[in-house]
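Work through the exercises below with the sequence and the coordinates open beside you.

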Amino acid sequence: MCGCKASVPSTKHYSVNPASPQKSPPATAGMPKRMPIAKQLASIKALEKGSDLEKAVATAALVYNNAADPEGKLSKAETKNLLQTQFLSFIQGQENKPKYQEVISSLDEETEKKIDFEDFMILLVSLALMSDLLQEIKNMKTTK
């Protein structure tokens, strides 16, 4: 195990409170504009013939990397904001679930503490697994 909170059963889990979603901060006037994720993804030669799953993981990595600091990490506050703006469909409606509250509440503790990509992905998967949207996706018919 990586030792992160989401993979260690005896510790607290990450948590996110989508009750008050925040908008992404506007681009600063002096800052260069980032290339859109789709364009970044298209520029990765190894993914030209990549599967949908490979592209999904690459997209998650690009979203994280675009928000991360120069050391490749996000503060808990930044992580919470990123989830509220980029993962809202998965976390909406989960506010009253105790497991969700436990996972989310840890992002409100020590908000300056940093989260690396591995912990971010574990957090992302954990939130997706408890999501009502995942159940809807599972129930979707794949044939006509």
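This is a predicted model: local features need pLDDT of at least 70, side-chain atom pairs count only at pLDDT 80 or more; totals for chains, interfaces and linings use all residues.

**Exercise 1.** Determine how the axes of helix H2 and helix H6 are placed relative to each other, and classify the pair.

*Solution.* Two packed helices are described by the angle between their axes and by the distance between those axes. Begin with the helix limits, which are residues 52–67 for H2 and residues 117–129 for H6. The two axes come within 11 Å and cross at roughly 125°. Angles from 65 to 115 degrees count as roughly perpendicular and those over 145 as roughly antiparallel, and H2 and H6 are therefore oblique to each other. As to handedness, H2 passes H6 in a right-handed crossing.

**Exercise 2.** Describe the largest nonpolar core, and then follow phenylalanine 120 through its contacts.

*Solution.* The core holds 21 residues, of which Leu83, Phe87, Phe120, Leu124 and Leu127 touch the most other members. Two or more residues are given to this core by each of H2, helix H3 (76–86), helix H5 (98–105) and H6. The largest share, 6 residues, comes from H6. Turning to phenylalanine 120, and not counting residues up to four places away in sequence, one finds that it touches Tyr64, Thr79, Leu82, Leu83 and Ile115.

**Exercise 3.** Decide for alanine 58, glutamate 110 and leucine 129 whether each is buried, partly exposed or exposed.

*Solution.* The cut-offs needed are under 20% relative accessible area for buried and over 50% for exposed, with partly exposed in between.

- Alanine 58, found in helix H2, has 14% relative accessibility and so counts as buried. Leaving aside neighbours within four places in sequence, alanine 58 is in contact with Leu41 and Leu47, and its C-alpha atom is separated from that of leucine 47 by 8.6 Å.
- Glutamate 110, in the loop between H5 and strand E3 (114–115), has a relative accessible area of 47% and is partly exposed. Its phi is positive, about 50°, although glutamate 110 is not a glycine.
- Leucine 129, which lies in helix H6, counts as exposed at 61% relative accessibility.

Definitions and conventions:
Residues are numbered from 1 along each chain as its sequence is written. Side-chain values use heavy atoms; hydrogens and water are left out. Axes are lines fitted to C-alpha atoms, for helices over the stretch in contact, and angles run from 0 to 180 degrees between N-to-C directions. Helices (H or I, at least four residues) and strands (E, at least two) are DSSP runs, numbered from the N terminus. Angles under 35 degrees count as roughly parallel, over 145 as roughly antiparallel, 65 to 115 as roughly perpendicular and the rest as oblique. A crossing is left-handed if the near helix is turned anticlockwise from the far one by less than a right angle, and right-handed if clockwise. A nonpolar core is a set of buried Ala, Val, Leu, Ile, Met, Phe, Trp, Tyr and Cys residues joined through side-chain atoms within 4.5 Å. Buried means under 20% relative accessible area, exposed over 50%, partly exposed in between (1.4 Å probe, protein chains only). Contact means heavy atoms within 4.5 Å.
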